[in-house]
Amino acid sequence: MPEIAFVNGRFMPLAEATVSIEDRGFQFGDGVYEVIRTYGGRPFELEAHLARLDRSARALDLQQPYSHQQWRRHILDGIRRAAYPEAKVYLQITRGAAPRDHAYAADLSPTVVMTIRELHPLAAAVQAAGVEAMTVEDIRWGRCDVKSVNLLANVLARQQVKQAGLFEAVLVKGGQVSEGAVSNVMAVRNGVVITAPEGPRILSGVTRAVVLQIARLEGIPVEERYLPVSELYAADEVFLTGTTVEVLGVVRIDGKTIGNGKPGPVTRRLAARLGERTG
Ligand code: PLP
């Protein structure tokens, strides 16, 4: 089966899928999205992703075209049709097509797109060794809790990271860590997991929520507060959480070694516990 897409209710080969050049997603970045992965062919935390899609759509006054039950049916159908060992499901809702005008009419039909691609998990050697990151000024807008397709600041940060040959950008605003460009960032100091609080400065990661819940169940204290960059450098451990990275140790930031330069015990424990839930 070639890579497949779903556009406004119809499945088709990805190469044949098109939307109007007047789509407001194309013109204005006026839309929202989700990325969901499967484990053993089953979508992980699907309800949490759909709930976040609802929140994002509501924040932009976007019509949510499907109920959770309808979304679930389309997503499971897509996963079955694509028949990959593991899949990455991308959902996108944009406000629809209309002659270009910043303000919009209330009766636009949203454009709904889903793609299903093969998910290639991170190599075990990368998980074991950890990755390197750099800090980048967080120049995003004031509603980072909305998973908007308007990702220019993230795009520029990711490009900087790519050109530097590193793995992720740690976004920093006013000297404090917000999150990664495509992940949430957590640090461990004296056995306490510290991560930025939910709110408009970060995307409330589905993986973040699962990992914090696991930490609490494991008796690992959690502090949700902004971490100054100086504390990040001085942390015993730093790790990223996200749908594709899962729990991934960061061993160098801006060329400074974190802890002993290897993914630490709390990172490895949380990664293992998450693996038990997904495996
Ligand atoms: N923060 C940002 C900016 C992201 O783009 C992502 C994922 O794409 C995350 C955090 C992690 O979210 P999740 O765990 O739901 O994948």
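The largest pocket holds about 1100 Å³ of space, where a pocket, found on a 1 Å grid over the protein atoms alone, is an open set of points with protein on both sides within 12 Å along at least five of seven lines, and a volume is the space filled by probe spheres set on the points, which are joined across faces, edges and corners. The model is predicted, with local features needing pLDDT of at least 70 and side-chain atom pairs counting only at pLDDT 80 or more, while totals for chains, interfaces and linings use all residues. Residues are numbered from 1 along each chain as its sequence is written, and side-chain values use heavy atoms, with hydrogens and water left out.

Among the elements that each supply at least two residues of the pocket lining are β3 (31-39), α2 (46-59), β9 and α6, helices (H or I, at least four residues) and strands (E, at least two) being DSSP runs numbered from the N terminus. The most is given by α5, with 5 residues. The lining divides into 18 nonpolar, 15 polar and 10 charged residues, with Ala, Val, Leu, Ile, Met, Phe, Trp, Tyr, Cys and Pro counted as nonpolar, Asp, Glu, Lys and Arg as charged, and the others, Gly among them, as polar.

The ligand sits in this largest pocket, in the sense that more than half of its atoms lie within 2 Å of the pocket's grid points. It is surrounded by 15 residues, of which the closest are Arg 52, Glu 179, Val 206, Thr 207 and Thr 243, a residue being near if one of its heavy atoms lies within 4 Å. Both β9 (176-180) and α6 (206-217) supply at least two residues of this shell, which comprises 4 nonpolar, 7 polar and 4 charged residues.

Ligand oxygen atoms lie 2.6 Å from an N or O atom in the side chain of Thr 207, 2.8 Å from a polar backbone atom of Val 206 and 3.1 Å from an N or O atom in the side chain of Lys 147. Taken alone, the ligand exposes 390 Å², of which the protein buries 92%, as computed by the Shrake-Rupley method with a 1.4 Å probe.

Key: A polar contact is a pair of N or O atoms within 3.5 Å; within protein, one must be able to donate a hydrogen and the other to accept it, and residues adjacent in sequence count only if both atoms are side-chain atoms. On a 1 Å grid over the protein atoms alone, a cavity is a set of points where a 1.4 Å probe fits but cannot get out, and a pocket is an open set with protein on both sides within 12 Å along at least five of seven lines; lining residues have an atom within 4 Å of a point.
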